[in-house]
Amino acid sequence: MSDTFHLPQRILMGPGPSDVPPRVLAAMAQPTIGHLDPAFMLLMNGICDQLRAVFCTSNQLTLPMSGTGSAGMETLFANLVEPGDKALICVNGVFGARMADVAERCGAEVHRIETPWGRIFPQEEIVAAIDRVRPAVVAIVHAETSTGAHQPIDGLGAAVRERGALLLVDCVTSLGGAPVEVDAWQIDAAYSGTQKCLSCPPGLSPVTLSPRAVERLERRKTKVQSWYLDLAMIRKYWGAERVYHHTAPINMLYGLHEALRAVLEEGLTARWKRHRAMHNLLRAGLAELGIRYVSQEGHHLPMLNAVAIPKGLEDATARRRLLDDYGIEIGAGLGDFKGNAWRIGLMGHSATRRNVTLLLSALKEMLGR
Ligand SMILES: *Cc1c(COP(=O)(O)O)cnc(C)c1O
């Protein structure tokens with residue numbers, strides 16, 4: 001027999017997970033019922049409606065995949081790409097690179113365009129690449145959590161649609177923290193994760209597919225290579241037929257339902273405003289401490305602040321001290337930014353004035369000011 005596990009009290013201000021509100025944890029602690037129980041079916045319907053509201057879409061095919069954000073990524077490529085299809089992937093950080101890897105594993109002929117870390121892609125550059133490559137799908141990350149860059153998406157959907165391709169967007173970090181308007185922006189398929197701005201524990205990946213994407217799905221000549229992620233079967237469990245595919249992670253779904261309730265109670269616009277306001281507060285405080293952003297000016301993500309490590313502090317030691325002495329978790333740099341940058345998250349329930357003030361005071365103390 002092992003001892004009970006001691007959990008320290010933490011404030012999660014990294015790149016995810018974010019702090020989970022007690023009401024979500026309480027929902028998850030409710031008794032497990034069957035995954036085909038009529039009461040559970042009602043909950044499932046409710047979640048699909050909530051997700052449509054949060055994604056700002058009327059897409060019929062909107063549901064949470066079992067698995068983390070990467071499962072959503074893999075779901076879109078596995079279902080919307082057939083072997084030999086051309087995929088244009090925009091890479092300016094870890095998650096764009098991951099999309100290229102996943103698309104390749106799904107048999108796509110991958111064409112990458114790249115821009116330096118921390119920078120966004122100008123739309124003309126993407127459109128020029130589409131005209132050159134003539135891809136079946138174009139994939140881009142809306143909120144690059146590895147670099148803090150906030151990619152504009154709103155004009156891209158129309159350009160992609162005009163050229164007959166599908167637009168796939170990674171909204172893992174943006175959903176619930178900044179506008180993600182799937183219908184208005186003409187996004188064909190998007191995925192997210194629960195542990196970032198939705199403030200639910202990790203474990204589910206909301207996805208949404210436009211009627212054009214569904215058509216592509218239905219016209220496939222080959223079977224989806226992944227049995228587990230095959231939307232043709234999964235949509236039969238989430239739809240009217242309720243055909244068993246795999247056992248839904250029941251208690252996780254209780255949690256997601258409550259987390260989405262919290263998001264919609266606050267209101268999307270109010271929530272986007274709160275994230276923006278807390279980002280502005282943090283940015284002003286960091287500027288006073290001489291800490292600068294590494295992401296492109298004018299395109300900083302509100303929920304993920306990528307900043308240069310302040311002079312006088314050593315990366316790992318300082319992050320460890322924040323954790324041990326103040327209970328605050330922030331994120332290290334990833335990839336090109338490893339050892340050069342920190343990633344300060346202000347996601348969902350973590351984006352509060354209390355947290356911003358505490359982190360700024362802690363940094364001030366550590367810098368000896
Ligand atoms: C976190 C994240 C992912 C991956 O999500 P996991 O839940 O870690 O699998 C994908 N894309 C972006 C932009 C992310 O921030």
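## The ligand and its pocket

The ligand sits in the second largest pocket of this predicted model. Here a pocket is an open set of points on a 1 Å grid over the protein atoms alone, with protein on both sides within 12 Å along at least five of seven lines, and a molecule sits in it if more than half of its atoms lie within 2 Å of its grid points. Two elements give two or more residues to the shell around the ligand, α3 (69–80) and α4 (94–105); helices are DSSP runs of H or I with at least four residues, strands are E runs with at least two, and both are numbered from the N terminus.

Local features need pLDDT of at least 70 and side-chain atom pairs pLDDT 80 or more, while totals for chains, interfaces and linings use all residues. Residues are numbered from 1 along each chain, and side-chain values use heavy atoms, without hydrogens and water.

## Contacts with the ligand

Let's look at the side chains. Polar side-chain atoms of Thr-68 and Ser-70 each lie 2.6 Å from an oxygen atom of the ligand. For Thr-173, an N or O atom in the side chain is 3.0 Å from a ligand oxygen. Taken alone the ligand exposes 380 Å², and the protein buries 89% of that (Shrake-Rupley method, 1.4 Å probe).

## The largest cavity

β2 (61–66) and α8 (231–238) each supply at least two lining residues, and β2 gives the most, with three. Lining residues, those with an atom within 4 Å of a point, include Pro-64, Trp-238 and His-246.

Methods: Polar contact = N/O pair within 3.5 Å; in protein donor to acceptor, adjacent residues only side chain to side chain. 1 Å grid on protein atoms, 1.4 Å probe; cavity = no way out; pocket = protein on both sides within 12 Å on 5 of 7 lines; lining within 4 Å.
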